[in-house]
Amino acid sequence: MLASFHHIGKWYVSILYRRPWTTQAASTGLICGVGDVIAQQVMERKGVRRHVWKRTLSVTAIGFCFTGPVLRGWFNLLDQMFGKTVVARDAIKKMAVDQLFFAPVLFACLLPMFGLSQGLHGNQLKEKVKQEYLNVLFSCYKLWPAAQLINFYFVPLVFRVNFTNIISLGWNTYLAWIAHRSCDYSVIIK
């Protein structure tokens, strides 16, 4: 069995090097979807019959189409701006720029996407984003500065989105729970 995991790992890494954008987008989508399943089954205790699969598909699609590619591009840009060398000073600069500039913009994009996937529009969407934005951003600052410092200092570029995805499993579970905790699914389930 251990040999099977070794072969799967080698296969994944070979695909990651050949097609990093696609592989990381797919990995991010998968992790986002798993986070939503955990949120619904563990945190919200919905059970299989009440599981909202449309919600899981929406969260997965956001991870695949938006979050994965955006993270890959962002990490490339940071390496272009601050260099690829592993120096503590550069890792700190990358982390600071990531958390002060990228994180606020990322959440300003993700929260409306989650709201739209819930069927919210206009004032409902605006109010939901206004209500949750600072809570999500401040929660982000409790986890991501340390995680990104480790990521930028120890992890090669090709694996940075994957490292972020590992940390994101718990984070995405939290985000999915926050984004959907007060949603009326009768609006979007037809």
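Helices (H or I, at least four residues) and strands (E, at least two) are DSSP runs, numbered from the N terminus. The model described here is predicted, so local features need pLDDT of at least 70, side-chain atom pairs count only at pLDDT 80 or more, and totals for chains, interfaces and linings use all residues. Residues are numbered from 1 along each chain as its sequence is written, and side-chain values use heavy atoms, with hydrogens and water left out.

The protein contains 7 helices and 0 strands, and from the N terminus on its elements run α-α-α-α-α-α-α. Its radius of gyration is 17 Å, close to the 16 Å that the globule rule gives for 190 residues, so the protein is as compact as a globular protein of that length. Here the radius of gyration is taken over C-alpha atoms, and the globule rule is 2.2 Å times the number of residues to the power 0.38. Along the principal axes, the C-alpha atoms fill a box of roughly 50 × 45 × 25 Å.

Of the 190 residues, 46% count as buried, where buried means under 20% relative accessible area, exposed over 50%, and partly exposed in between (1.4 Å probe, protein chains only). The accessible surface comes to about 10500 Å², and 70% of it belongs to carbon and sulfur atoms. These areas come from the Shrake-Rupley method with a 1.4 Å probe; for residues, only the protein chains shown count as cover. Among contacts (heavy atoms within 4.5 Å) with a separation of 6 or more, 74% are between residues 24 or more positions apart.

The interior can now be explored. A nonpolar core is a set of buried Ala, Val, Leu, Ile, Met, Phe, Trp, Tyr and Cys residues joined through side-chain atoms within 4.5 Å. The largest such core has 34 residues, of which Phe75, Phe107, Leu110 and Trp171 touch the most other members. Helices H4, H5 (88-117), H6 and H7 are the elements that give two or more residues to this core, and H5 gives the most, with 10 residues. Leucine 110 touches Ile62, Phe66 and Thr67, leaving aside residues up to four places away in sequence.

Side chains of opposite charge can pair when their charged atoms come close. A salt bridge is a side-chain nitrogen of Lys or Arg within 4 Å of a carboxyl oxygen of Asp or Glu, and a search of the whole structure finds 6 of them. One of these joins arginine 55 to glutamate 44, with the closest N and O atoms 2.8 Å apart. This pair links distant parts of the chain, 11 residues apart: arginine 55 lies in helix H4 (residues 53-82), and glutamate 44 in the loop between helix H2 (20-43) and helix H3 (47-50). Arginine 55 is buried, with a relative accessible area of 2%. Both residues also belong to a network of salt bridges that links Asp36, Glu44, Lys46 and Arg55.

Aspartate 79 and arginine 160 meet in another salt bridge (2.8 Å, N to O). The two are 81 residues apart, aspartate 79 in helix H4 and arginine 160 in helix H7 (residues 157-180). Aspartate 79 is buried at 3% relative accessibility, and arginine 160 is buried with a relative accessible area of 3%.

Glutamate 132 and lysine 128 also form a salt bridge (2.8 Å, N to O). These two residues are separated by about one helical turn because they lie 4 residues apart in helix H6 (residues 122-154). Glutamate 132 is buried at 4% relative accessible area, and lysine 128 counts as buried at 10%.
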